[in-house]
Amino acid sequence: MKTKIFCDIADISLIKKFNKKKVVQGFTTNPSLMRKAGAKDYELYSKKILKICKNKPISFEVFADNDKEMINQGTKIDKWG
C-alpha cells in the first residue's frame, strides 16, 4: 500500500509552497481553516486555491447543518472545479 500525503491547510502562501512539492499529492481544507487564513468570501477564496492546484486534488467542505443545504452547497462546490 502506498501512502499519499495531503496537506490540510488553507493559507494561500503555504498552498503555493507545498503545491511545488512532489511528496504532496493534494490538499484538504475546511471553513475554519479558511477563516483562520483570512478568507472573507468562501467561494472566491476557494477559486483562488483551485487556480493554484490545477494538477492536484483539493477537498473543500460544506458548512451547512441540515441535509438539504449540505447537498446544495456540495453541488455548488462541485461546479467550481
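Colleague: What do the buried residues of α1 pack against?

Modeller: They pack against β2 (24-28) and α3. Buried means under 20% relative accessible area, exposed is over 50%, and partly exposed is in between, with a 1.4 Å probe and protein chains only. Helices (H or I, at least four residues) and strands (E, at least two) are DSSP runs, numbered from the N terminus. This is a predicted model: local features need pLDDT of at least 70, side-chain atom pairs count only at pLDDT 80 or more, and totals for chains, interfaces and linings use all residues. Residues are numbered from 1 along each chain as its sequence is written, and side-chain values use heavy atoms, leaving out hydrogens and water.

Colleague: Which residues in α1 are buried?

Modeller: Ile12, Ile15 and Asn19. They cover an arc of only 60 degrees around the axis, so they sit on the same side of α1. The arc is that of the directions from the helix axis to the C-beta atoms.

Colleague: Why would spaced residues point the same way?

Modeller: An α-helix has 3.6 residues a turn, so residues three or four places apart point the same way.

Colleague: Tell me about Asn19. Where does it lie?

Modeller: Asn19 lies in helix α1, residues 12-19. Its relative accessible area is 19%, so Asn19 is buried.

Colleague: And what is Asn19 in contact with, leaving aside neighbours within four places in sequence?

Modeller: Phe27, Ile52, Cys53 and Lys56. Contact means heavy atoms within 4.5 Å.

Colleague: Now the helix pair. At what angle do α1 and α3 pack?

Modeller: About 20 degrees, with axes 10 Å apart; α3 is residues 42-52. Axes are lines fitted to C-alpha atoms, for helices over the stretch in contact, and angles run from 0 to 180 degrees between N-to-C directions.

Colleague: Which residues meet there?

Modeller: Ile12, Ile15, Lys16 and Asn19 in α1 meet Tyr45, Lys48, Ile49 and Ile52 in α3. By class, that contact has five nonpolar, one polar and two charged residues. Ala, Val, Leu, Ile, Met, Phe, Trp, Tyr, Cys and Pro count as nonpolar, Asp, Glu, Lys and Arg as charged, and the others, Gly among them, as polar.

Colleague: What about α3 and α4, at what angle do they pack?

Modeller: About 35 degrees, with the axes 10 Å apart; α4 is residues 67-80. Tyr42, Glu43, Ser46, Lys47 and Leu50 in α3 meet Lys76, Ile77 and Trp80 in α4.

Colleague: New topic. Is Ser32 buried, partly exposed or exposed?

Modeller: Partly exposed, because its relative accessibility is 47%. Ser32 lies in helix α2, residues 31-36.
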